[in-house]
Amino acid sequence: MPISPYLKTLREKVGTDLLVLPSTSVIIFRDDGRFALLKVPGKDAWMMVGGFVEPFEHPADSAAREAWEEIGLDVELTHLIGVFGGPEGEVVYDHGDRVSYVSTVFGARIRGGVVKVDGDEAEDAGWFTPDEAREMRLTSLTRTVLSHLQADPGPAAFIPARWRPSADHRPSG
């Protein structure tokens, strides 16, 4: 998929400088409990299905669209896995663009479609158990999300806040 017109306009203004971007990712589960990962083109690493949230697009719509565009599957989003970002969300693309993604990650099941990858955004797709995936070379964000993945969805996961106000910024009283 080519760069979105919105992102292209931003890049014309800021060049390759760091952008913080909203994104979505989807962990697509089969009935046997395996889930899809995509192989990063030209690298020996695997990533979640996902991408940039377009302006005014709802995160759930972005997730469903990315599943269709990147792996050819029509998915039903089933639950929110969590929201992830921080240093693990940084990507520096081969052409120099720097991005810090903040990703809303959904769990999903397949409604239809046929697995296919375009060779541009992904060069392969595979189905893995959590244990198999943990032994693979994964992108930082994918590894972080998988460390919070549970068979029972339960409450949404997130990395606990580490930020605390400094003593001189705390309310007195």
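Is arginine 98 buried, exposed or partly exposed? In this structure, which is a predicted model, arginine 98 is partly exposed, because its relative accessible area is 34%. Its salt-bridge partner is glutamate 90, with the closest N and O atoms 3.0 Å apart, and glutamate 90 is also partly exposed, at a relative accessible area of 39%.

Let me stay with the charged side chains for a moment. Side chains of opposite charge can pair when their charged atoms come close. The count for this model comes to 12 salt bridges, and one of them joins lysine 43 to aspartate 94, where the closest N and O atoms are 3.1 Å apart. Lysine 43 sits in the loop between E2 and strand E3, while aspartate 94 sits in the loop between strand E6 and E7, so this pair ties together parts that are 51 residues apart in sequence. Lysine 43 is partly exposed at 37% relative accessibility, whereas aspartate 94, at 68%, is exposed.

Another salt bridge brings together the side chains of glutamate 66 and arginine 65, at 3.1 Å from N to O. Here glutamate 66 counts as buried, with 5% relative accessibility, and arginine 65 counts as partly exposed, with 22%.

Now I turn to the aromatic rings. A pair of aromatic rings is described by the distance of the centres and the angle of the planes. Searching the whole structure gives three aromatic pairs, and among them is the stacked pair of tyrosine 6 and phenylalanine 52, with 6.2 Å from centre to centre and 5° between the planes. This pair links distant parts of the chain, since tyrosine 6 belongs to helix H1 and phenylalanine 52 to strand E4, 46 residues apart. Tyrosine 6 is partly exposed, with a relative accessible area of 41%, but phenylalanine 52 counts as buried at 10%. In the pair of phenylalanine 29 and phenylalanine 35, the centres are 6.0 Å apart and the planes stand at 65°, so this pair is edge-to-face. Phenylalanine 35 is buried, its relative accessible area being 0%.

Which residues is alanine 36 in contact with, once its neighbours within four places in sequence are left aside? They are Ile28, Ile71, Gly126 and Trp127. Alanine 36 lies in strand E2 and counts as buried, at 0% relative accessibility.

Let me finish at the surface, where Val20, Leu80, Val83 and Val102 form a nonpolar patch with about 310 Å² of accessible area together. Of these residues, valine 102 has its place in strand E7 and is partly exposed, with a relative accessible area of 36%.

Note on methods:
Residues numbered from 1 in each chain as written. Predicted model: local features only at pLDDT ≥ 70, side-chain atom pairs only at ≥ 80, totals over all residues. Heavy atoms only, no water. Phe/Tyr/Trp six-rings, centres within 6.5 Å; stacked < 30°, edge-to-face > 60°. Helix = DSSP H or I, 4+ residues; strand = E, 2+ residues; numbered from the N terminus. Buried < 20%, exposed > 50% of the residue type's maximum accessible area, 1.4 Å probe, protein only. Patch = residues over 30% accessible without salt bridge, like charges linked within 9 Å, V, L, I, M, F, W, Y side chains within 5 Å. Areas by Shrake-Rupley, 256 points an atom, 1.4 Å probe, with all protein chains shown as cover. Salt bridge = Lys/Arg side-chain N within 4 Å of Asp/Glu carboxyl O. Contact = heavy atoms within 4.5 Å.
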